[in-house]
Amino acid sequence: MKSLGITGNIGSGKSSVLNIVKNMGNTTYDLDDVAKNFYKNDPNIKNDILEIFPKVKSNKNEIDIKKLGKIVFNDSKKLRTLQEIIWPQVEKYIINKIKNTSNLIIFEGALIIEAEWYKLFDFIWIIDSKVELSQNRVTNSRNLSKKDFEMILSHQNNINEMVKILSMNNVPYSIITNNSDFKTLQKETEKKFKNLSNK
């Protein structure tokens with residue numbers, strides 16, 4: 001076992017699970033942060049995005065992530081255009097990190113299935129949560145409206161679709177249900193990690 005991918009819909013608790021395994025001493029990466037670093041620090045990606053989406057340029061000549069998100073999540077064609085720019089770079093990043101470590105390495109991302117990055121990992125965890133709970137978490141912590149939540153969710157596979165894709169591709173996975181409090185999630189995550197370590 002060398003790599004683990006953690007995925008799930010918006011607000012399901014992916015970041016909480018990532019932090020739990022990180023605090024257990026593991027090397028972890030948030031793929032959303034990885035993408036944002038590319039937007040900020042890779043001049044080629046930055047120029048490509050600002051050329052296609054000039055309205056997202058900030059006063060400091062940077063990419064305004066919130067503006068970019070509102071544009072692409074309201075237009076599937078524009079979202080796909082952005083994905084075609086950023087996804088290959090994120091994939092190269094993942095491959096490089098896995099290649100250059102001998103220890104278990106863990107990545108978290110909402111679009112691991114959609115981007116087909118699941119093919120890069122030895123094991124996948126899907127974090128599952130009731131939509132109402134996920135929505136409450138997001139609206140309380142990220143200042144997103146119900147409309148924004150539903151818009152982002154509409155671009156993500158549901159759990160049945162995730163399971164179907166992983167099963168069809170013979171990718172081993174487990175589901176962690178997050179419909180209770182943090183202590184329950186922590187206990188379940190630690191249990192799943194112990195089982196993972198024995199594989």
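In which loop is E116 found? E116 is found in the loop between strand 3 (105–108) and strand 4 (123–128), where helices (H or I, at least four residues) and strands (E, at least two) are DSSP runs numbered from the N terminus.

The model is a predicted one, in which local features need pLDDT of at least 70 and side-chain atom pairs count only at pLDDT 80 or more, while totals for chains, interfaces and linings use all residues. Residues are numbered from 1 along each chain as its sequence is written, and side-chain values use heavy atoms, with hydrogens and water left out.

Most residues other than glycine have a negative phi. The relative accessible area of N61 is 38%, so N61 is partly exposed.

**Salt bridges**

Side chains of opposite charge can pair when their charged atoms come close. The structure holds six salt bridges, each being a side-chain nitrogen of Lys or Arg within 4 Å of a carboxyl oxygen of Asp or Glu; among them are the following.

| Pair | N to O distance |
|---|---|
| E62 and K46 | 3.5 Å |
| K70 and D148 | 3.4 Å |
| K192 and E188 | 3.0 Å |

In the salt bridge between E62 and K46, distant parts of the chain are linked, since E62 belongs to the loop between helix 3 and helix 4 whereas K46 sits in helix 3, 16 residues apart. E62 is partly exposed at 27% relative accessibility, while K46 is buried, its relative accessible area being 15%.

For the salt bridge of K70 with D148, K70 lies in helix 4 and D148 in helix 7 (residues 146–153), so that the pair ties together parts 78 residues apart in sequence. Here K70 is partly exposed with a relative accessible area of 48%, and D148 counts as buried at 13%.

Where do K192 and E188 lie? Both are in helix 9 (residues 182–197), and because they are four residues apart, about one helical turn separates them. K192 is buried, with a relative accessible area of 19%, whereas E188, at 24%, is partly exposed.

Notes. Buried means under 20% relative accessible area, exposed over 50%, partly exposed in between (1.4 Å probe, protein chains only).
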